[in-house]
Amino acid sequence: MSRLRRCALRFYNVLRPERAEVDADREVAAHLALLQDEFQSRGLTPEEARQAARRAFGGVTQVKQSHRDARSFVWLADAAQDLRHGLRILRRGPLFTLTAALSLAIGIGANTTIVTLATALFFRPPTGVTDSARVVDIGSNRGPGGFGPGSYPNYLDVRQRTTTLASAYAYSRFPQPMSLASTENGIRADRVFGTVVTTNYFTALGVAPVAGRLFDVSDSQQPGASPIAVLSHGFWTRRFNRDTSIVGRTLTLNGAPFTIVGVASAGFRGTGIRASDVWVPMGMAGTITTRGMAAFTDRAAAWLLRGGRLTPNVLIAQAAAEMEVIGQTLAREYPTENRDTTLRLLASSPAPGSNGPLVAFLTLLTLIVSLVLAVACANVAGVLLARATARRQEIAVRLTLGAGRGRVVRQLLTETLLLFAFGGTAGLWLAHGATSLLSSYLLASSFALDVPLVVDAHVLVFTTALTLVAALVSGLAPALQGSGADVATALKDNAQAPAHLRLRHLFLGAQVSLSLLLVVLAGLCGRALQRAGSVDPGFDPHGVELASIDLSGYTGATGPRFARELVDRVRRLPGVTDASVAAVLPGGFETRRQGLTVPGVSPPNGQRFFGVDWNIIEPDYFSTLRIPLLAGRDFRAGDYQGAPPVAIVSEGAAAQFWPGHPVQDAIGKYLVQPVFTPAGVAKGSLTLFVVGVAHEVKSTSVLDGLARACVYVPLQQAYTPSISVVARTSRGQRITNELQTLLTSMNANLPIVTAQTLEESLAFGLTPQRVVASIAGSLGLVGLLLAGLGIYGVTAYVVTRRTREIGIRMALGAQRAHVVRMILRQAMTPVAVGCALGLVLAAAGSRVLTAYLFGIPAIDPVVFCGVAALFLLIALSACSTPARRATRIQAMDALRYE
Amino acid sequence: MKERVELLQGTLDLIILRALATMGPQHAYALTARLEQVADHPFTLNQGTLYPALVRLEQKGWIKGAWQKTEHGRDAKYYGITRPGTRALEQQTDRWRRLSGLVEKLLLDES
């Protein structure tokens, strides 16, 4: 009790020290007065008595200090004092505080954003799920590291054999675009994304409905037996304004009626990274997808992602071990379909086990943002060091007056921490803005990625730790240097401080090299973008309107007819000069890759097939995109289903298949295309007759950067439901609305999935380069600017320190040019070293970048030399002013300086 | 070194409480004088030790300070023992007796 009371009082005295201080002063004064009275009564004069009293009492200041120590927490009071002092110092140099905090905010904000993204993709379990830590994902892979989908029969076997999972569910890999038909009960035609799920999906995940009910095991899993649907909360809000009476109504999805049975809870966004609007039971897969009954029976048709909930008291490692065994057993039992296929089990996350380009791109971004933070830290450390140097006298006075070195270090560190706290807070704020921007961008992009990006407690801990570590790393050296001031020399104003300068130069060099690295990386990405713009892609992307549609509701018989009629009617729209349809558009992320064989020619390197890209098109595709036909003819009305299969090859393909022959020779040759069932099982082959050779199309996107061999086949002979209308307009005008009206008039249930121009689509393909260029560029320039300020600071400091020396030199007849040279040499050495180091780093960095992104030149002399010259120029101009000032030093002034 | 300080600290608290309990409220100077007078051999109480002890005891609620006039009309802060202080004094005295008894016994056994 008494201890508690004392502790509380001590805290109180930390916060309100004034009253206790006054009281203590008064008490000591009273004590002295009483002592003086005593001495006076012994016959001393008042003055003698006063002095005797002081002697008898001892050190007044020390007693007061011990009084303070006892009545409050001195360390806490010190910290508060340091904080106040730090704030005062930071307020006194607002420019420094702002630039430093801003550069830190950018560095910390960028890191936080990337970590938020990575956490959301790889480490956060799905939201809106009960006890999500017990939910796992199951992936199949052939060869090491993959985490892919599996087939329905394999899923059923896993579900039956597992003992470590209380329930195992499956769902279609990506939400598929489906057409929602307009009906008389007020539902407008729209494109929706639908996911097929097993009926135990919601119960296994523990998702609650907000209206109606969700699927459960009583719903039949039999093909076609349960035409019911569950809506996502977002879709329900967006389209039905949270109308609970929607339950029981009918939706027509891809032409089939579904009864809405309920709406999932607000927090639940599905188990993948793409947003789903509706969920339908597994039994409807044959009705709603193009897979037909093969969806249920084909063991090789890998279209389902699987997951499950652990049985109580089972560890994830046990479940993973069991899954591995089940995988091996299945591979043994079904050697044709499951050869070399293993099963893996991981804690659930939106992008489980991903090791593809997503991880690579995130790694690259992580590297860049770490660099940015390093530059910011080097800069702040450099400036702090300069300030510690400028404050040598103040610190020396403090040390002389009895402050401990630890106390001084603590004070300097407090200032740094304060600065970083500002930077970190602003960084969090920046990250918050960046993540919400990113979230909306991802959702609006053609991938429709629904990744809940929240700066949560984990991220907050990360950012705080990052800020603290960065503060310590960049604050400790300056603080130790500053507090180590040799009192005697520091108090003399003209003292040289070589150690200080050395450390300062070190930070400056590091800063220059890292900023240079960033600017070079940005420059390389800029060059890639520039190349992408200047290279002749082989087609004319200007004034081409695109509209991708999904004909999933159509069959192989009705789909091609519909497409043909659509193209005819689009061509008749006012302002349209040419129109066609294609499955793949140049410059996008999507490719259709499949092998083929050529009679009489063996593929290179002993492979069984020639690997080529395929495109499925309608006639006039080449004229619409202005791709020249080098030989032969375009597809025409005669190339219909049932007529001899034909193909057009690209120039590169012709050269690859029949090397040494002119491309014209390709006409009349044959290609053999292996044919697979929708499930991927080989069933014979198709011989294609080559009727034309098209000019090479160079794509500039990330994934298919090079002009790759391409084979075109007519849509009428190789139907695919996912197509894009391409239409060239006379003056490049947009015709989205006309297209939508046309489509609605032809089929009210057919929405446009995405509408954009070909140029927009091409630009989207370059997004990674753009992102890297803008991040690295803007931050590199900030770094460059900061480096310039740093160089100016160091040079000005050097000149001030050497004023006397320079004065003497000039008095003894030194030339101005000589003095300038001397100053420049000292200031430019770290810059030159930093530049050289930065160039080496950039050369290494560009190799890494080349591996990730297409079109990045490895060593680009223009960028490398240009950036180095830019840095040297800025460094020179930064130190020219102080150097000129040095030449104006008058000998007499310099000697009088003290 | 550390133990000595701690022992001294505890002892000083006991001595102050005891003095205040027998003599009534005293100011710091009078306490110093009184302690020097009571001590058999020359014993100077460092003010740097006395004041923290007073702060400590006051914060614990065992003594209470109040500003009063001395008989010569000077201002001085008089410390008086409180009821919790009296209780604490009894406990501390008890503890000290036991401790010193133990030490005495040990010293006797050793010799």
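Colleague: Why is Lys77(B) called buried?

Modeller: Its relative accessible area is 8%, and buried means under 20%, exposed over 50%, partly exposed in between, using a 1.4 Å probe and protein chains only. So at 8% Lys77(B) counts as buried. Keep in mind that this is a predicted model, where local features need pLDDT of at least 70 and side-chain atom pairs count only at pLDDT 80 or more, while totals for chains, interfaces and linings use all residues. Residues are numbered from 1 along each chain as its sequence is written, chains are lettered from A and ligands numbered from 1 in the order written, and side-chain values use heavy atoms, with hydrogens and water left out.

Colleague: Fine. Which residues does Lys77(B) touch?

Modeller: Among them are Asp23(A), Glu27(A), His27(B) and Trp67(B), leaving aside residues up to four places away in sequence. Contact here means heavy atoms within 4.5 Å.

Colleague: What makes the pair Lys77(B) and Asp23(A) a polar contact?

Modeller: Their side chains come to 2.7 Å. The rule asks for a pair of N or O atoms within 3.5 Å; within protein, one must be able to donate a hydrogen and the other to accept it, and residues adjacent in sequence count only if both atoms are side-chain atoms. Between chain B and chain A, 10 residue pairs are in polar contact, both residues at pLDDT 80 or more.

Colleague: Where does Lys77(B) lie?

Modeller: In strand S3 of chain B. Strands (E, at least two residues) and helices (H or I, at least four) are DSSP runs, numbered from the N terminus. Chain B has 4 helices and 3 strands, in the order α-β-α-α-β-β-α.

Colleague: How do you know that Asp75(B) and Arg26(A) form a salt bridge?

Modeller: The N to O distance is 3.5 Å, and the definition wants a side-chain nitrogen of Lys or Arg within 4 Å of a carboxyl oxygen of Asp or Glu. So this pair qualifies. Asp75(B) sits in strand S3 of chain B and Arg26(A) in helix H2 of chain A, so the pair joins two chains. Asp75(B), at 31%, is partly exposed, and so is Arg26(A), at 37%.

Colleague: How many salt bridges cross the interface of chain B and chain A?

Modeller: The rule finds 3. Asp37(A) and Arg74(B) also pair in a salt bridge, with their closest N and O atoms 2.9 Å apart. Over all chains the structure holds 26.

Colleague: What do chain B and chain A bury between them?

Modeller: About 2,100 Å², 60% of it on carbon and sulfur atoms. Buried area is the accessible area (1.4 Å probe) that two parts lose on being put together, summed over both. Each chain brings 23 residues to the contact. On the chain B side, Tyr29(B), Tyr51(B) and Gln59(B) lose the most area, together 36% of what that side buries.

Colleague: And why is Arg42(A) called exposed, while Glu38(A) is called partly exposed?

Modeller: Arg42(A) has a relative accessible area of 59%, so it is exposed. Glu38(A) has 28%, so it falls in the class in between. Their side chains meet in a salt bridge, 3.3 Å from N to O.
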